Amino acid sequence: MSSSRFAFLGLCVATALSLGALLFATFFHAPMAQIAAGGFAQKIFYFHVPAAYAMYLSGVVSMVASATYLFRATPTRDAWAKAGAECAVLFGAIVLTSGPLWAKKAWGVYWTWDPRLTTLLLSVLIYTSIVLLREFVGEGDAERRFLAAMGVLGTVNLPIIHLSVRKWGGNHPTVITRGGGGIAPEMRTALLIGFVAMTLLAALLLWLRVRKAMLEHAVDVLEHRISDFSEE
Amino acid sequence: MPNSLWSVLATPTATEVKAGDGAASDRTDQFVAVTGAESEQVSASAMVLGAYGLFWLIVFAMVAMTYRSQAKLLVRIADLEKRLPRDGVPS
């Protein structure tokens, strides 16, 4: 077995174990929160917040790969930029579906135009546009560079999401701050497991999507070689 | 329609939330462990089940789609490699 395959299987096992541990910690270790925080629905918090963090992580991966691609274009950097944007959309979708279900219990509505919700939606739309454009625009260098620039600029919104709730208020809870009231120790343990699980899940999904992008590149190269030969 | 389902689908009234009124001092700044749950109109279990269900659905859909695409690409690569000329002679 190659070292790459061994590492991939190890990542799969670690991700599965951590997600199992997250479920256990959420439902059997963390106590129920007060009704104002959603009561039992607050259990969504343990993967909702880590999923948002995984979205930031994927966005940063896309930004770094895109920025390096602008300096020196390589298929690997393009693959990482593409995979980062795709994973950012995936984790953004998780946040945008889990959040409203929790909000319905905690706030009484599925959605409000709260600053953090609005800026998060904006970021998800930016990454969705990058993913869609990658599917529909041509394979030329100019298009790739344009999308790389979008990948860099799209990530600028991520710190705005993070700071929006402090700068502009809103309904969003602020439990993970130096000044906030914080969370109970058992809740903190479950949340930390959530962060580990989502980091591993993000790494696994990035790995899969990068491999897919590299296989697509290999197909393009082979098609060009056959096409060149046919023209000769 | 069952009451629990209706309560999930029902449009919220204006008094349920004051969107945009969230002054920093009014926001929840802590999660406190409590014993004994109060009665609730909307089923929290349904919300949690829905959220976790969607999470697993999204993740498994992504993994399944990626594996399917990779399998197709590997077949395509194998096919193209067979057609690739070797020593100037198409195979």
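View 1. Of the 232 residues of chain A, 47% count as buried, where buried takes 20 or more other C-beta atoms within 10 Å of a residue's own, exposed means 12 or fewer, partly exposed lies in between, and C-beta atoms are placed from the backbone. Chain A holds seven helices and one strand, in the order α-α-α-α-α-α-β-α from the N terminus. Helices (H or I, at least four residues) and strands (E, at least two) are DSSP runs, numbered from the N terminus. The C-alpha atoms of chain A fill a box of roughly 75 × 45 × 25 Å along the principal axes. To find your way around, residues are numbered from 1 along each chain as its sequence is written, chains are lettered from A and ligands numbered from 1 in the order in which they are written. Since the model is predicted, local features need pLDDT of at least 70 and side-chain atom pairs count only at pLDDT 80 or more, while totals for chains, interfaces and linings use all residues.

**View 2. Confidence along chain A.** Here pLDDT is the predictor's confidence in each residue, from 0 to 100. Chain A has a mean pLDDT of 88, and 96% of its residues reach 70 or more. Within chain A, confidence is highest in α2(A), at a mean of 95, and lowest in β1(A), at 78.

**View 3. The largest nonpolar core.** A nonpolar core is a set of buried Ala, Val, Leu, Ile, Met, Phe, Trp, Tyr and Cys residues joined through C-beta atoms within 7 Å. The largest one has 70 residues, and Ala51(A), Ala54(A), Cys87(A), Phe91(A), Trp102(A), Leu201(A) and Ala202(A) have the most contacts inside it. Among the elements that give two or more residues to this core are α1 (3-29) and α2 (45-71) of chain A, together with α2 (44-83) of chain B. The most, 16 residues, comes from α3(A). Look also at Ala202(A): leaving aside residues up to four places away in sequence, Ala202(A) touches Ala54(A), Leu57(A), Ser58(A), Cys87(A) and Phe91(A). Two residues are in contact if their C-beta atoms, placed from the backbone, lie within 7 Å.

**View 4. Ala103(A) and its surroundings.** Ala103(A) sits in helix α3 of chain A. Ala103(A) counts as buried because it has 23 C-beta neighbours inside 10 Å. Residues up to four places away in sequence aside, Ala103(A) touches Val109(A) and Tyr110(A). Asn171(A) lies 68 residues from Ala103(A) along the chain, yet their C-alpha atoms are separated by 9.5 Å.

**View 5. Where chain A meets chain B.** The contact takes 57 residues from chain A and 44 residues from chain B. On the chain A side, α3 (75-106), β1 (182-183) and α7 (185-231) each give two or more residues, and α7(A) supplies the largest share, 16 residues. That side divides into 32 nonpolar, 15 polar and 10 charged residues; Ala, Val, Leu, Ile, Met, Phe, Trp, Tyr, Cys and Pro count as nonpolar, Asp, Glu, Lys and Arg as charged, and the others, Gly among them, as polar.

**View 6. Chain B and the strand pair between the chains.** Chain B has two helices and one strand, arranged α-β-α along the sequence. Of its 91 residues, 10% count as buried. β1(A) and strand β1 (residues 30-31) of chain B pair in the parallel sense over two bridges; two strands pair if DSSP finds at least two bridges between them. Within this pair, Gly182(A) stands opposite Gln30(B) in β1(B).
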